[in-house]
Amino acid sequence: MGWAAEEFKDLDLGDARRTRRLIKLVDDLSAQPTGSIPVACGGWAETKAAYRLLDNPATDWREILEVHTQQTIKRMQGQPVVLCVQDTTEADFTSQPGIAGLGRLSYDAQHGMFAHPTLAMTPSGLVLGATDCWMWARKPKGQPDIKESIRWVEGYTIVADLAETVPGSRLVYITDREGDIRAVMNTAAERDYPADYLIRSKHNRKTSMGDKLWDRVGGGEAEGELEFTMPAAPDRPARLVRQTLYRERVTLPVRKGAPVVTVTAILAREENPPVGEEPIEWKLLTNRTAETLEDIVQLIDWYRRRWLIEILFRIWKSGCKIESLQLGSMERLERALVIYLIIAWRILSLVTWGRDWGANESVGRVPL
């Protein structure tokens with residue numbers, strides 16, 4: 001039995017032939033992820049059947065993703081901690097202006113859609129699967145549009161709901177700076193923290209004492225240091241990073257009708273970067289208390305796992321070449337994109353399976 005048959009064994013698209021076709025299409029595309037659909041299918045009859053499947057309204061992309069999510073939940077079982085990382089990426093189809101239903105991207109001249117998945121992984125870096133995905137296109141300027149920031153609040157809500165299905169695991173919702181929204185923290189407090197959160201902050205909020213949060217944290221006594229190797233990226237080589245760590249437990253200003261929110265604020269600041277290098281600085285907010293240096297270092301290590309979703313996006317767009325898909329509507333694209341998202345997870349899971357991530361873990365040190 002191939003991996004697709006095992007992953008989608010509980011899938012029911014309402015027609016056995018359609019379900020079998022979906023499983024075969026996943027197998028074909030995963031065998032040649034860089035090839036076009038016709039190349040991967042290997043013949044006109046198979047290609048025609050694949051396009052017919054993607055064009056069929058009865059092929060609900062949410063059902064496909066839900067079956068994968070249920071398998072992801074099974075892989076979570078027995079994991080003491082599961083990191084649930086969210087981020088947004090653009091799918092740019094500017095070169096294909098004829099696709100119906102798409103909208104403007106970050107620049108008005110661009111044409112495409114957005115995707116916002118949640119990727120579950122262990123603290124050691126084993127990628128378990130996707131648990132949900134937002135997909136949307138912006139409307140033309142001047143027309144009412146969705147409030148995009150709500151995806152972060154709903155993202156936490158979904159993770160919190162998911163936590164109830166894996167009671168033996170502690171789920172940690174992790175976001176980059178776009179997720180620094182008070183409503184996320186309010187939602188967690190209102191629900192009594194069924195899942196933790198770890199948010200990279202972009203706002204220098206006031207505390208309940210009236211001072212600025214990050215001025216207060218950075219002006220305190222350092223808790224210690226850590227060092228780690230920052231992995232290479234397309235725009236920079238790998239290099240050693242040494243950060244000084246600051247930590248403060250603070251209460252945010254009380255808002256009418258909202259719960260009291262107390263957070264641990266962690267500042268990890270590279271105070272002496274190499275000449276010519278931008279300092280690496282992270283400002284993190286979490287509901288966890290982080291009483292010791294080891295606790296602080298652990299949270300930073302968990303945040304550093306966030307880069308795996310960037311690799312997922314790279315596989316999805318460059319490895320699977322999703323922006324080269326020649327499909328006539330956003331609805332067809334959504335079906336194809338979810339299939340390729342699961343294939344990208346599969347490729348990433350094979351990369352992370354059995355890898356010794358511990359070799360590059362942070363090393364905390366008490367200051368001299």
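Good morning. I begin with a strand pairing: Val 250 has Val 263 in strand 10 as its bridge partner. The structure under discussion is a predicted model.

That contact belongs to an antiparallel pairing, in which strand 9 and strand 10 (residues 262-269) are joined by 8 bridges. Strand 9 (residues 239-251) also runs antiparallel to strand 8 (residues 224-230), with 7 bridges between them.

I turn now to the charged side chains. The model contains 30 salt bridges, and I shall discuss three of these pairs.

In the pair of Arg 21 and Glu 46, the closest N and O atoms are 2.5 Å apart. Because Arg 21 lies in helix 2 (residues 16-31) and Glu 46 in helix 4 (residues 44-55), the pair ties together parts that are 25 residues apart in sequence. Arg 21 is partly exposed at 24% relative accessible area, and Glu 46 is likewise partly exposed, at 25%.

Next, Glu 164 and Arg 191 form a salt bridge with an N to O distance of 3.6 Å. Glu 164 sits in the loop between helix 6 and strand 6, and Arg 191 in the loop between helix 7 and strand 7, 27 residues apart. Here Glu 164 is exposed, at 57%, while Arg 191 is partly exposed, at 28%.

Finally, Arg 306 meets Glu 310 at 3.1 Å, N to O. Arg 306 has a relative accessibility of 9% and therefore counts as buried, whereas Glu 310 is partly exposed at 30%. Both residues belong to one network of salt bridges with shared partners, which also includes Asp 87, Asp 176 and Arg 200.

Thank you.

Note on methods:
Residues are numbered from 1 along each chain as its sequence is written. This is a predicted model: local features need pLDDT of at least 70, side-chain atom pairs count only at pLDDT 80 or more; totals for chains, interfaces and linings use all residues. Side-chain values use heavy atoms; hydrogens and water are left out. Two strands pair if DSSP finds at least two bridges between them. Helices (H or I, at least four residues) and strands (E, at least two) are DSSP runs, numbered from the N terminus. A salt bridge is a side-chain nitrogen of Lys or Arg within 4 Å of a carboxyl oxygen of Asp or Glu. Buried means under 20% relative accessible area, exposed over 50%, partly exposed in between (1.4 Å probe, protein chains only).
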